[in-house]
Amino acid sequence: MGTPETSREPCPDRILDDIGGAFGMGAVGGSAFHFLKGLYNAPKGSRVVAASQAVRLNAPRVGGSFAVWGGLFSTFDCTMVYLRQKEDPWNSIFAGAATGGFLSMRQGFPASARAAAFGGVLLALIEGAGIMLNKFLSAQQQMPMIIDDPNAFPGQPGSQPFPPPSDSESNSWLGGWFGDGKKKDEPMSGGGSETKILESFDAPPVPNFEYK
């Protein structure tokens with residue numbers, strides 16, 4: 001996942017891209033704001049007409065103001081990229097401060113300095129939030145998904161393997177089904193019973209005909 005700097009258009013195409021995006025954002029936001037304001041301030045019976053007229057008069061002006069700000073910001077950003085020969089959040093912070101100071105230059109140096117400080121702090125907050133969001137998303141993508149399903153059989157995805165039973169548990173569990181588990185170490189009694197059966201069928205003793 002790219003950073004906010006590397007995912008943008010390269011300079012100088014970035015300037016035109018930001019001008020168009022800022023104009024569209026300002027036009028849409030200004031239309032919504034002035035439409036609601038016109039509905040609230042217009043007299044009854046002509047609210048929709050007055051709201052539409054307020055949008056036609058003010059939405060292009062707001063969009064143009066956003067486009068000017070976006071164009072200056074992208075111009076200063078591309079200038080910083082050219083001077084520093086690298087892309088990082090500091091370029092956007094410097095560009096935001098320079099844009100705020102440039103737009104307030106006609107109001108005097110104190111107002112321009114305040115606007116520059118405000119623009120730099122605002123862009124620093126925006127860049128910091130973007131970096132934190134990228135780190136959070138990258139961490140979520142690298143984390144393996146483990147789903148604990150109690151109904152899943154052992155060996156299937158999402159199932160937890162059963163722990164190996166201890167000797168006492170295996171003896172008691174097997175003893176409940178196949179007798180006492182302790183008898184597994186004893187020799188099988190099948191050989192002894194077989195020997196006893198064979199001894200019972202031995203041939204009778206041979207009679208002795210010797211003269212005493």
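**Salt bridges, a pocket and a surface patch**

Modeller: The model is a predicted one. In it, the side chains of Asp 88 and Arg 84 meet in a salt bridge, with 2.6 Å from N to O.

Biologist: Is Asp 88 buried or exposed?

Modeller: A residue counts as buried under 20% relative accessible area. Asp 88 has a relative accessible area of 13%, so this residue is buried.

Biologist: How many salt bridges does the structure hold?

Modeller: Asp 88 and Arg 84 form one of them. Another joins the side chains of Arg 14 and Asp 77, at 3.1 Å from N to O. Glu 87 and Arg 14 also meet in a salt bridge, at 3.0 Å. The structure holds three.

Biologist: How many residues apart are Arg 14 and Asp 77?

Modeller: Their salt bridge has an N to O distance of 3.1 Å. Arg 14 belongs to helix α1 and Asp 77 to helix α2, so the pair links distant parts of the chain, and the separation is 63 residues.

Biologist: Are Arg 14 and Asp 77 buried or exposed?

Modeller: The limit for a buried residue is under 20% relative accessible area. Arg 14 has a value of 2% and is therefore buried. Asp 77 has a relative accessibility of 2%, so Asp 77 likewise counts as buried.

Biologist: Which parts of the chain does the pair of Glu 87 and Arg 14 tie together?

Modeller: The side chains of these two residues meet at 3.0 Å, N to O. Glu 87 is partly exposed, with a relative accessible area of 35%. The two residues are 73 apart in sequence, so the pair ties together the loop between α2 and α3 and helix α1.

Biologist: Let us turn to the second largest pocket. Which element gives the largest share of its lining?

Modeller: The second largest pocket holds about 250 Å³ of space. The elements that give two or more residues to its lining are α1 (13–41) and α2 (47–84). The largest share, five residues, comes from α2.

Biologist: How many residues of that lining are nonpolar, polar and charged?

Modeller: The lining includes Met 25, Phe 66 and Trp 69, and also Arg 8, Asp 18 and Gly 21. In this grouping, Met, Phe and Trp count as nonpolar, Asp and Arg as charged, and Gly as polar. The lining divides into five nonpolar, three polar and two charged residues.

Biologist: Which elements give two or more residues to the nonpolar patch on the surface?

Modeller: The patch is formed by Val 68, Trp 69, Phe 102, Leu 103 and Met 105, with about 470 Å² of accessible area together. Phe 102 is partly exposed, at 42% relative accessible area, and lies in helix α3. The elements that give two or more residues are α2 and α3 (89–103).

Biologist: What pattern does the protein chain follow along the sequence?

Modeller: The protein chain has six helices and zero strands. Read along the sequence, the pattern is α-α-α-α-α-α.

Terms used. Residues are numbered from 1 along each chain as its sequence is written. This is a predicted model: local features need pLDDT of at least 70, side-chain atom pairs count only at pLDDT 80 or more; totals for chains, interfaces and linings use all residues. Side-chain values use heavy atoms; hydrogens and water are left out. On a 1 Å grid over the protein atoms alone, a cavity is a set of points where a 1.4 Å probe fits but cannot get out, and a pocket is an open set with protein on both sides within 12 Å along at least five of seven lines; lining residues have an atom within 4 Å of a point. Grid points are joined across faces, edges and corners, and a volume is the space filled by probe spheres set on the points. Helices (H or I, at least four residues) and strands (E, at least two) are DSSP runs, numbered from the N terminus. Patches are made of residues with over 30% relative accessible area and no salt bridge: like charges are joined within 9 Å, nonpolar side chains (Val, Leu, Ile, Met, Phe, Trp, Tyr) within 5 Å. Accessible areas come from the Shrake-Rupley method with a 1.4 Å probe; for residues, only the protein chains shown count as cover. A salt bridge is a side-chain nitrogen of Lys or Arg within 4 Å of a carboxyl oxygen of Asp or Glu. Buried means under 20% relative accessible area, exposed over 50%, partly exposed in between (1.4 Å probe, protein chains only).
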